[in-house]
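This report goes through one protein chain, part by part. Keep the sequence and the 3D view open while reading.

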Amino acid sequence: MQINGEKCTPDGRSVMQIIEDMGLKKEMVAVELNEEILPKDEYEKYVPGEEDVVEIVQFMGGGAF
């Protein structure tokens, strides 16, 4: 499995557990699974396997100066 470009061994964690372990909040991220957006209601259900590619992107606030 690959998470954000790094190879990992599947360890039975759900996408939600991976997000929490990264110190992120579900409301502030988007997850791409094998080049498709994973719906937020699937985060707790989906456990990535050996061939999965997961990209987790955190939303950043900002503004003009």
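## Two loop asparagines

Asn4 is placed in the loop between E1 and E2, where helices (H or I, at least four residues) and strands (E, at least two) are DSSP runs numbered from the N terminus. The phi angle of Asn4 is near 50 degrees, a positive value in a residue other than glycine. With 29% relative accessibility, Asn4 counts as partly exposed; buried means under 20% relative accessible area, exposed over 50%, and partly exposed in between, using a 1.4 Å probe and protein chains only.

Asn34 sits in the loop between E3 and E4. Asn34 is not a glycine, yet its phi is positive, about 50 degrees. Its relative accessible area is 36%, so Asn34 is partly exposed.

## Basis of the model

This is a predicted model, in which local features need pLDDT of at least 70 and side-chain atom pairs count only at pLDDT 80 or more, while totals for chains, interfaces and linings use all residues. Residues are numbered from 1 along each chain as its sequence is written, and side-chain values use heavy atoms, with hydrogens and water left out.

## Overall layout

The chain contains one helix and five strands. In sequence order they give the pattern β-β-α-β-β-β. The C-alpha trace spans about 45 × 20 × 20 Å along its principal axes.

The chain has 65 residues, of which 26% count as buried. A contact means heavy atoms within 4.5 Å. Of the contacts between residues at least 6 apart in sequence, 57% join residues at least 24 apart.

## The sheet

The five strands form an open sheet with mixed pairing, in the order E2-E1-E5-E3-E4. Strand E2 (6-7) and strand E4 (36-37) are at the edges with a single partner strand each, so one side of each has no neighbour in the sheet. Two strands pair if DSSP finds at least two bridges between them.

Strand E1 (residues 2-3) pairs with E5 in the parallel sense, over two bridges. In this pairing, Ile3 stands opposite Val54 in E5. E3 and E5 run antiparallel and are joined by five bridges. Here Ala30 is opposite Val57 in E5.

## The nonpolar core

A nonpolar core is a set of buried Ala, Val, Leu, Ile, Met, Phe, Trp, Tyr and Cys residues joined through side-chain atoms within 4.5 Å. In this chain the largest one has 14 residues, and those with the most contacts inside it are Ile19, Val29, Val31, Tyr43 and Ile56. Helix H1 (15-21), strand E3 (29-33) and strand E5 (53-58) are the elements that give two or more residues to this core. H1 gives the most, with four residues. In soluble globular proteins, nonpolar side chains tend to be buried together.

Which residues does Val29 touch, not counting residues up to four places away in sequence? They are Ile19, Leu24, Lys40, Tyr43, Ile56, Val57, Gln58 and Phe59.

## Leu33

Leu33 is located in strand E3. Is Leu33 buried or exposed? Leu33 counts as buried, because its relative accessibility is 12%.

Leaving aside neighbours within four places in sequence, Leu33 is in contact with Leu38, Tyr46, Asp52, Val53 and Val54. Leu33 and Tyr43 are 10 residues apart along the chain, and their C-alpha atoms are separated by 11 Å.
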